[in-house]
Amino acid sequence: MNVKRRTLLKGTLATGALGLAAAAGILKPARVLAAEWPKNAFEAKTVDEALKDVYGAGQATQSKDITIKAPIQAENGAVVPISVETKLPNVESIGIMVKENATPLIATVALSNGAAGYFSARMKMAKTSDVNVYVKSGGKLYSATQQIKVTVGGCGG
Amino acid sequence: MKKILIGLAALGIVNLAPVAVHASPESDLKQFQDHFKKKFPDVPFDEYANGLYALNPVYRAQWESYNEFPPFEIGLEEGKKMWEKPFKNGKTFASCFKNGGAKIAQHYPYWDEQTKMVRTAELDLNDCLKRNGESEFTNLDKDQKARVQLAQLAAYFYTLSKGERVKIDLSKPGAVDAYEKGKKYYWARRGQLNFACSHCHVDLAGKNLGGNQPLSAGLGHPVGWPAQRLEWGRLETLHQRYATCNKQVRAQPLKHNGEEYRDLQLYETYMSTGLPLTAPAMRN
Amino acid sequence: MARLTKIKTRAKNGATEVLVLVNHPMETGQRVDPKTKQKIPAHFIQKMTIELNGKPVAVADLGVAISKDPLVGVMINGAKAGDKVKASWTDNKGESGNAETSV
């Protein structure tokens with residue numbers, strides 16, 4: 001058993017702080033702890049680093065079966081809508097990276113139990129950049145890319 | 001700033017002669033709306049309710065994306081809560097308005113004969129608070145939190161009239177004078193950049209200024225407000241937009257709900273006669 | 001008081017789209033407060049889980065580059081009218097929220 005948990009359980013049973021502990025996630029089963037937020041991946045400063053942290057070693061294969069719906073010219077870099085859709089089968093996960101952002105990883109989503117190969121979000125972009133999307137399908141990694149232009153300035157008030 | 005001046009010179013800014021002072025609001029209205037119908041023959045009239053997106057296909061697709069679940073729904077929910085929460089005396093905002101507040105916003109702002117001033121929804125909402133012994137939203141020029149709360153409340157008020165077509169009554173004594181003052185403001189040059197509202201929103205409507213400032217048509221301007229600009233990430237009042245717009249041309253911003261902005265709002269809204277209310281809306 | 005979380009579903013291309021909107025600042029940790037001149041600490045949703053009838057269909061890891069008042073969308077195959085959809089999230093400060101709806 002995780003040492004932290006053992007110590008905490010001993011302590012909390014005595015002090016009745018179980019509620020707090022549960023909220024802090026310390027009492028979660030091990031497999032959920034393993035699925036904690038991937039800090040290294042989100043702090044990686046290059047696409048390659050982030051890719052390794054999220055998907056491990058190996059290359060992604062370009063795929064025409066991934067459709068990116070995103071503007072060619074973003075209206076405002078703070079709110080760029082993007083959706084990823086794929087015809088690839090057995091999609092396990094989708095990931096989005098913005099190459100020119102200080103930390104490229106935007107989000108990853110693990111899909112299962114009837115979820116379609118689809119993910120959408122609104123993201124922040126610092127400047128014009130290639131946006132890479134990754135799809136893990138049947139154990140293999142695929143990718144597609146699109147450039148999104150971001151014009152800073154204008155008469156912002 | 002240099003970019004903008006160069007852009008304007010390149011576009012050959014044309015100053016449309018201001019309408020003669022002795023024309024009537026009705027003839028002003030026809031001239032104003034006809035100008036846009038002629039300039040953009042393929043844009044359906046109702047589309048002008050969508051601000052810059054009526055004239056900008058590149059951003060329109062994104063706008064339709066945001067509209068699938070617009071961020072202003074969060075602020076709007078706050079506005080709904082405020083509207084529905086009873087005052088200490090048990091009454092609610094609905095008691096201050098005709099028809100419980102539903103299907104009346106298309107007549108705002110209006111000339112109030114008793115107080116001899118143009119009244120906006122924000123003013124009436126504040127007045128409702130006052131009459132029921134509650135504290136008003138004050139210091140709107142400096143207190144963003146108070147102003148945004150009022151914008152959220154006003155946004156909800158406007159949803160009660162969503163789709164209703166603008167119809168402003170200028171028949172009472174004093175109304176046309178206020179309208180004329182608002183019109184004068186709209187067409188007068190101001191600020192270091194020496195622009196009038198008409199320069200950007202009549203002459204240059206549809207153009208993209210300085211690379212990333214798409215200009216909306218003056219026609220339909222107020223019907224999406226209170227609005228949430230991507231730039232601000234929050235619901236805001238129309239007068240806040242007037243103030244920041246003044247700053248953009250390096251002019252002195254004026255007071256929230258002060259006479260100038262209220263008269264301007266009266267003019268702009270009258271010029272949008274017939275367009276459906278879409279507030280709150282996402283804007284650039 | 002919990003941050004507002006909104007959820008809605010709609011039929012799209014033969015599947016069910018689930019959209020979630022959360023009132024959250026998604027502070028990156030890089031923005032400087034103009035008054036204090038200090039960096040505003042990062043405050044962002046890290047995980048969002050979407051469940052169909054109690055079973056997770058999507059678990060998203062989000063970073064600071066997701067826009068303020070984040071929107072997340074997924075699609076589910078084979079959902080039926082009356083099925084329960086729930087979205088729950090946690091952020092880096094330990095705050096959480098959730099919302100439910102029926103297809």
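This passage describes the contacts between chains A, B and C and between the two domains of chain B in a predicted model. Local features in the model need pLDDT of at least 70 and side-chain atom pairs count only at pLDDT 80 or more, whereas totals for chains, interfaces and linings use all residues. Residues are numbered from 1 along each chain as its sequence is written, and chains are lettered from A, with ligands numbered from 1, in the order in which they are written.

Between chains A and C, 30 residues of chain A are in contact with 26 residues of chain C (C-beta atoms, placed from the backbone, within 7 Å). On the chain A side, strands β6 (105-111) and β7 (118-123) each give two or more residues (strands are DSSP runs of E, at least two residues; helices are runs of H or I, at least four; both are numbered from the N terminus). The greatest share comes from β6(A), with seven residues. This side comprises 20 nonpolar, eight polar and two charged residues (nonpolar: Ala, Val, Leu, Ile, Met, Phe, Trp, Tyr, Cys and Pro; charged: Asp, Glu, Lys and Arg; polar: the others, Gly among them). β6(A) runs antiparallel to β4 (residues 55-62) of chain C, joined by five bridges (pairing requires at least two DSSP bridges). Leu111(A) stands opposite Ala58(C) in β4(C).

Chain B contacts chain C through seven residues, which meet nine residues of chain C; the chain B side has three nonpolar, one polar and three charged residues.

Chain B itself is divided into domain 1 (20-69 + 165-283) and domain 2 (72-159), with bounds from an automatic or database domain assignment. Their C-alpha centres lie 22 Å apart.
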